[in-house]
Amino acid sequence: MVRKKRTQQLFHAYFLEWVELYKVGAVRSVTLDKYYISHQRLTELMPELKLCDLDRRAYQQLLNDYAKDHEKQTTLDFHHQIKGAIMDAVDEGLIECNPTRKIIIKGKNPREKKPKFLNQFELRLLLKQLNLQPTINWDWFILLVAKTGMRFSEALAITPNDFDFSKQMLDISKTWNYRGTKGSFQPTKNPSSVRKIQLDWQLAMQFSNLTRNLNPERPVFISGRVFNSTINHRLAVLCRNANIPIITIHSLRHTHASLLLFAGVSIASVARRLGHSSMSTTQETYLHIIHE
């Protein structure tokens, strides 16, 4: 009787329960927000769909409707999140057959992609444009990301205590939740993201001087609320001044990895430096570089 009642439950309600049972406290807040956005879209697209009516045709229609406003990769990401809840419902016996089997992923034509990385010559031109003052500014942030390949949120979370200047090492053990109104430290993307990055001697000397009088436990670059768009705007100005392709701050991470691979550094070493959870992630992301 209870099982029959549960099969009559609206699917979007089941998905929300599933998220709160299995994902709250298990994934980062940024990832959790994506699950809640998926729930919102699910509610909008299939408000009356019940678990007992979720068959392959209904699920394909859901994905088709979602794909009308999204690119193929975004539709695939949505599918992966929804599928997690569906497979658990199948295991619980609430759905008789797996409705995600042989599903077709569609989507809008992708927008023209911005360049993902700079070549070595372009990077040199960019770095020449940096206004590296005696005090911390966003140009120092851009330099640090370009020379370490850190994620944006990892670089924001760096404190003076994270530097070991005697060994020229930088300890990555946390990220900064810049999406919150106040901002706060939070865990890294995955356990593999906790790592130590070797710095070149010049960068180590520069940050030794810059951080000498700063609070050792507070983020080096944070003085108020931070927006990704602020740093990307500054980077765009520098790119235009250097007459090179306009890239984003995340593209500096790709640039760093690409130049290491071009220089003959092993995939395993690059994966460790970037904090990838597996070498396959590095291989898939930089396959074209590896081939070249």
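**View 1. Strand S2 pairs with strand S5 in this predicted model.** Ile172 has Arg195 in S5 as its bridge partner. Leu170 stands opposite Ile197, also in S5.

**View 2. Strand S1 meets strand S2.** Here 2 bridges join the strands, which run antiparallel. Phe163 has Leu170 in S2 as its bridge partner. S1 and S2 form a hairpin with 4 residues between the strands. In this hairpin, Gln168 takes a positive phi near 55°.

**View 3. Three strands make an open sheet.** The order is S1-S2-S5, and the pairing is antiparallel. S1 (163–164) and S5 (195–198) stand at the edges. Each has a single partner strand, so one side of each is left without a neighbour in the sheet. Strands of a sheet pair through backbone hydrogen bonds.

**View 4. Strand S2 has two faces.** Which residues of S2 lie on the covered face, and which on the uncovered one? Leu170 and Ile172 form the covered face. Met169 and Asp171 form the uncovered face.

**View 5. A cavity lies within the structure.** A search of the whole structure finds 1 cavity of 30 Å³ or more. The volume of the largest cavity is about 40 Å³. Its lining includes Trp176, Tyr178, Gly180, Thr181, Lys182 and Gly183. Ile222, Gly224, Arg225 and Val226 also line the largest cavity. By residue type, the lining divides into 4 nonpolar, 4 polar and 2 charged.

Note on methods. Residues are numbered from 1 along each chain as its sequence is written. This is a predicted model: local features need pLDDT of at least 70, side-chain atom pairs count only at pLDDT 80 or more; totals for chains, interfaces and linings use all residues. Side-chain values use heavy atoms; hydrogens and water are left out. On a 1 Å grid over the protein atoms alone, a cavity is a set of points where a 1.4 Å probe fits but cannot get out, and a pocket is an open set with protein on both sides within 12 Å along at least five of seven lines; lining residues have an atom within 4 Å of a point. Grid points are joined across faces, edges and corners, and a volume is the space filled by probe spheres set on the points. Ala, Val, Leu, Ile, Met, Phe, Trp, Tyr, Cys and Pro count as nonpolar, Asp, Glu, Lys and Arg as charged, and the others, Gly among them, as polar. Two strands pair if DSSP finds at least two bridges between them. Buried means under 20% relative accessible area, exposed over 50%, partly exposed in between (1.4 Å probe, protein chains only).
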